[in-house]
Amino acid sequence: MKLEGYYSSGEFARMADVSVRTIRFYDKQNILKPSLVTDSGARFYTDSDLARLQQILLLKYLGFSLDDIREMTIADADYHFMLNSLQLQLKLVQDRIEQMRLVEKAIQDTAGAIESRHDIDWSQMLNLIHLTGMEKSMAVQYRNASNLSARIRLHSLYSQNRQGWFPWVYEQCRIHEGMKILEIGCGNGALWTQNIDRLPEYISICLSDISEGMIRDVRRSVGNDRRFSFRVFDCHQLPFDSRSFDLVIADHVLFYCRDIPAVCREAKRVLRPGGRFLCSNYGSGHMKEITQLVQEFDNHIVLSAERLYDRFGLENGAELLSPIFPRVSLIQFKDGLLVDRPEPLIEYILSCHGNQNQYLLDRYKDFRAFVERKTRKGFSITKEAGLFVCTRGEAE
C-alpha cells in the first residue's frame, strides 16, 4: 500500500541516484535512519530524509569519515537548519578548494626540486603530507563554526533589545580615525561584519584567533578590506611589541583561557598608555532556563561540563582584573530572549559543550515535540551579559 509522502527504499535510492545497498548501509551505521519502519520490516523515507542524505553525500565527497558525518549532521530538514547547514557546507567547499590549491603548489614545488636538483626536498614532502591530512581539522572547524553560528543566531532572532549585542559592543569601543585595534579570539568576525559601514576609513584592525579555520572564515567574510589584517596565535603570548595598540578586545574569550591573568597582562603590555581593554562575559543566571528545559526532559543532561562564569564572570571579573588594571568598570547589556519556535532553540542546545547529544540524538523527535510545546506561547530566557572596560594608566 502506498503511503502518502513516504518512499520505499528503492524509490528513495532512485531519487537520490544511489544504490539501495548504500541506503541500507547508512541505516546500519546509524547515519540515516528511515522515517517509518512497518511491522513487517519495510522501510520508508521522506523528503526530510532526502535533505539529510544531501548533507551526508556532500560530506562524504569532501572526504569526511562516517564518524565525523554522524556528528556533523542533524536529523531535521526545517529550512532553518537546512539554510545554516548549506552555508556551512559552502565554507567547507571553500576550505577544500584552498587546501587543494596548497596541495597543488606543494606537488609542483616538490616535482620541480626533483627535476632541477635530482634529489628530494624532504621538508617539502613533509609539508605535502601534512596538507593532505587536514580533513580532521576541517571536521573540527565545521563543528566549531556550526556551534558558534547557532549560538549567535538564537540571540539575533529573539533578543528583546533590538540594538543587538555586536552593535552595542561596537559603541562601547568608541572607535575613531587612526586607532590601532587588536581583537583576540575574533571567532567569525561578527563584531566587524555587522558594523562594517560604521568603521572609519583610516584605521588598523588585527583580527586573531587560535583557530586557522576561524581566520579563514573571517577573512572571506571581511574580503579585501585594507583596514584588516589576520593572525593565528595563542593569546597567552601576544606576538606584538609593547605599547602597540589603542584598543584590545576579548569578546567572550577569557573564560576559555588556561591562565586568565596572564592573558590580561599581555593585553595590558601591548596597550599604549591610556589604551583600553574590553572583555565581555556572562553572569551566573545567563540562559538558566535552557538548562532547566533540557533537564526537565532528561535529568542526565549537562549542557556544559564547566560553569564558565565561575572562571570569569560578571560576579568575579572585577576581582580578577583590578590587580592588573588601575581602572576597571562594568557596563551591563540589558536584554532577554523570547523564543516562539523550537528549531533555533534546539540548534543552540545541540551546539553546547556538554553531553546532550548522547541523550538527545536518539530521541530527537520526542525532544523536538517537547520543545515545540514549551515554545508555543513564547519561552522566556534570561540574559546576563556585560563588558568590563579596563584602562591602562598614563604613567605605566
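Biologist: Which residues have the most contacts inside the largest nonpolar core?

Modeller: First, this is a predicted model, where local features need pLDDT of at least 70, side-chain atom pairs count only at pLDDT 80 or more, and totals for chains, interfaces and linings use all residues. Residues are numbered from 1 along each chain as its sequence is written, and side-chain values use heavy atoms, leaving out hydrogens and water. A nonpolar core is a set of buried Ala, Val, Leu, Ile, Met, Phe, Trp, Tyr and Cys residues joined through side-chain atoms within 4.5 Å, and buried means under 20% relative accessible area, with exposed over 50% and partly exposed in between (1.4 Å probe, protein chains only). The largest one has 30 residues, and those with the most contacts inside it are Ile175, Ile181, Trp192, Ile205, Leu207, Phe228 and Leu247.

Biologist: Which helix gives the most to this core?

Modeller: Helices here are DSSP runs (H or I, at least four residues), strands are runs of E of at least two, and both are numbered from the N terminus. Helix 8 (165-173), helix 10 (212-222) and strand 5 are among the elements that each supply at least two residues. The top giver, with six residues, is helix 8.

Biologist: What is the bridge partner of Leu182 in strand 5?

Modeller: Two strands pair if DSSP finds at least two bridges between them. Strand 4 (residues 180-183) and strand 5 (residues 204-209) are parallel, with four bridges. In strand 5, Leu182's partner is Cys206.

Biologist: How many disulfides does the search find?

Modeller: A disulfide is a pair of cysteine sulfur atoms within 2.5 Å. Searching the whole structure gives zero. For Cys206, the nearest cysteine sulfur, that of Cys186, is 8.6 Å away. So the count of disulfides, by that cut-off, is zero.
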